[in-house]
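Welcome! Take a moment to look over the sequence and the 3D view before reading on.

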Amino acid sequence: MNRLRKSEILLAVLFPLPLFLGIGGAYGQDSLALAPVAKVTAVDTPNDGGGSITVDWEVSPDEAAGKVTTYHIFRASEGGEFQLLGEVSSGVTKYVDEGTRDGTKYIYAVQAIGKEGKSALTKSSPVWSRGQWFNTQRTNMLLVLLVISAAILLYIRKARAGGKLFIRKIAGLDAVDEAVGRATEMGKPVLFIPGIMDMDDIQTIAGMTILGRVARKTADYETTLRVPVCRSVVMSVAQEVVKEAYLDAGRPDAYDANKINYLTDDQFGYAAGVDGIMLREKPAAIFLMGHFFAESLILAETGFSIGAIQIAGTAEISQLPFFITACDYTLIGEELFAASAYLSGEPRLLGSLKGQDVGKAIFMAIIILGVILENLGYHFLTALMTTG
Amino acid sequence: MRRQIPLAITLVVGLVMVVQYFVPHKPVGNLYDLFNTWAIVIFAFAIVLGVGNLIKIHGDRIYRLERGWGYSVLLLLGLTVMIITGIGWGIEPGTSFFYLYWHLYVPMSSTMFALLAFFIASASYRAFRARNFEAFLLLISAVLVMLGRVPMGKALWGQFPVIADWIMKVPNTAGQRAIMIGIALGVVSTSLRIILGIERAHLGGE
Amino acid sequence: MGMGKKLSQIDRRIIFLVIGLAVALPLLFPIGLQIRVSEPAQRMYKAIDQLPPGSKVLISFDYDPTTMPELYPMNIALVRHCFAKDLKVIGMALWPTGVPLGEEAFEIAAKDYGKSYGQDYVNLGYKAGDIVLISNLGKSIPQQFPIDFRGTPLEELPIMKGVRSLKNIDLVIDLSAGFPGIVEWTMIAGGRHHVKVGGGCTAVSAPSYYPYLQSKQIVGLLGGMKGAAEYETLMNARGAAAGGMDAQSIAHLVIILFIFIGNLFMFLGNKGKA
């Protein structure tokens, strides 16, 4: 007890010492040359998983005169001392503290710093962070998702019930049979190139679904199918897809895993490898279905030079012009995703396409309405469509 | 069962990924990053599958002395040399791996990329023919943009760059947006079909 | 086969030869054509120019040696501009091949402007993770890059003082040759963490970024060698890109000439048939 008392006395004596000595440190009570920041507000950062508090303040009145260079942001746990958290340049009025412990109360303080000195600390009220269960900034996205999904599911149901669905002709997909048939007649192989991205890319998945359909046809026609790939996982998936298709067609004996092989992960190394296969094996039909980048034209022009019938499909917009100029048929963007449904003719898959069209109609209506409203000076629809 | 288990995993993971977009609270909110990290690890390890396949196919080709087996020897030699120099002496500037990278890999890759200049010329020569009205429009806009994007165009006529900028900013952006919206809807629809197990062709079945 | 049709199918090798000459000759004998600055490049320049001194700029070198002719000159020009404005530049890469290229650009520009490593610029190097990495940088930069490219712990670098996450970055510039690139930075850093994003890309991919430009999701854009040449013009320093524009001009003219010849022969062929 005695010891404690002694230490308390010592603290009481020493505490004001810095003030007398003029070494105020972070508190900056000594040379308060600048006007303090007007108001500091600290709130739990909204719509996040917790662990973050956002601090806002109004600039020091001295900022207009150009006296403020930076702001220092301090933090103290309730009852604890203020510690420097970070600094931002003048003009900035916001700081996000990403290192808070959820549920712990903190007080924030902001101090203006300039060449002439600093301001006093302006403190916030106590605040604590917590995680949110719903990101309200994404309510609009949830609504859109629900509406589109509902439309797709509705039409899938309708199709399952036997409703008749119209689907427009996609020339590139109608030509799949012709291409495989031609390769068969000429006794030459079919080459399938599933893009250069991995299995986490939806375009590669779409490419795999088309490979399944093409493999089924090559199995029926007894034509060699070559699938050189750029990624190991894609190789495994492609082998599985082709194997299953050959099993389905009742021709497991015709399946050759060596025809679906890995070349390299390197973009242009892969392009060189595939070009080599084209020039050596002279396939009569080439499918380029998936996510392509700069190698697209290198592949498609080489394919053209050997006289193969070429059907390409990608959702990589910058590569579409190249495919359109060098290939016989090109599936543009969404057509790549529709291909599997179109080729299978299965009602449930076709139904989903119809639902997609409903989504498109909704978007078109919103866009037209948005353009009209914006031109009339009403911005609420634009604000409604903005996500966080 | 061979089909059901992958379909069940797809359904659960797919739905969780949709939910995490709207729910930031832990542990749901962290799942996107977590799953993506897993994917990166899986893809990194899967390289073994690819290299194994490469060695098997080219090993077979050499063993059977098939046509062009010499190239297979070269390929396996390149693979071995790069792996040994990389693991043995590091990949920093100054190492033999770095030397091979700069003086073999870089020029070879650049050569492949440079082929584009030639292929663009031959493809546009062939494709830009005014066969009908649409093709005529395509041809005219291509020529205008090509002229407007280079200093020579400005030297010929000051308005070429202005027209090219307008084509890029207005019709190009409008078209790109339309395609982007279509693609986004296609992605939603395809994802839904896969999550619900309606689309199974990627699992090798109807 | 009619004369017109025959002529309309010029041997590809002739086209290749002429294009080869059209590119090579102007590189050997430069013409020095004047370069006009486009609006997207102007916007990129302005975005950097109006940042107050001391602002933090993050440049991600997401390209490789194959796209070096297009992206490296703009890398140098952008770093030079940042140094001229006394901005603090933090370099990193989502592509492993981009690190040495960014490092070289830093060294060249730092020498010109007398900037020192660790104080005015830093190269954090490469880290795998693509989109996930960008997302994690939004939470903490030191956690993702505990040490820089040269092995120095981040806390020992004065430039990293006060830089906890992407939220402390005033502008992200992405030099993008594909995936991951501008779209990913725009989506995560711009969309989720509300940081300004701008960048440069290959000429081929530039049209697909125009929608982002128009909606102001990106602050500016340099498209290919032309974009780099425009930036060099804005900086009043003619560099490698401006030199390359002569070759590109002649190559474009040659392609247009081929298109014209193709159409002429097609027209003659059709007339012959009629």
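Predicted model: local features only at pLDDT ≥ 70, side-chain atom pairs only at ≥ 80, totals over all residues.

## Where chain A meets chain B

Chain A brings 64 residues to its contact with chain B, and chain B brings 50 residues. On the chain A side, the biggest giver is helix 6 (residues 232–248), with 10 residues. Sorted by class, the side of chain A that touches chain B holds 31 nonpolar, 21 polar and 12 charged residues.

## Where chain B meets chain C

Chain B also touches chain C: 37 residues of chain B are in contact with 39 residues of chain C. Several helices of chain B each supply at least two residues to this side, among them helix 2 (31–63), helix 5 (133–148) and helix 7 (160–195). Helix 4 of chain B gives the most, with 10 residues. By class, you will find 21 nonpolar, nine polar and seven charged residues on the side of chain B that touches chain C.

## How the chains divide into domains

Chain A has two parts in its domain assignment: domain 1 covers 31–123 and domain 2 covers 165–345. Taken over C-alpha atoms, the centres of these two domains of chain A are separated by 58 Å.

For chain B, the assignment gives domain 1 (1–89), domain 2 (90–116) and domain 3 (128–206). Between the centres of domain 2 and domain 3 of chain B, again over C-alpha atoms, there are 33 Å.

## Two cis peptide bonds

In chain B, the peptide bond from B:Lys26 to B:Pro27 is cis, with omega near 0°. You can find B:Pro27 in the loop between helix 1 (4–22) and helix 2 of chain B.

C:Pro180 sits in the loop that runs between strand 4 (171–176) and helix 8 (182–192) of chain C.

## Two residues with positive phi

B:Leu65 is not a glycine, yet its phi is positive, near 50°. This residue lies in the loop between helix 2 and helix 3 (69–89) of chain B.

With 14 other C-beta atoms within 10 Å, C:Asp86 is partly exposed.

Definitions and conventions. Residues numbered from 1 in each chain as written. Chains lettered and ligands numbered in written order. Contact = placed C-beta atoms within 7 Å. Helix = DSSP H or I, 4+ residues; strand = E, 2+ residues; numbered from the N terminus. Nonpolar A, V, L, I, M, F, W, Y, C, P; charged D, E, K, R; others polar. Domains from an automatic or database assignment. Buried ≥ 20, exposed ≤ 12 C-beta atoms within 10 Å, placed from the backbone.
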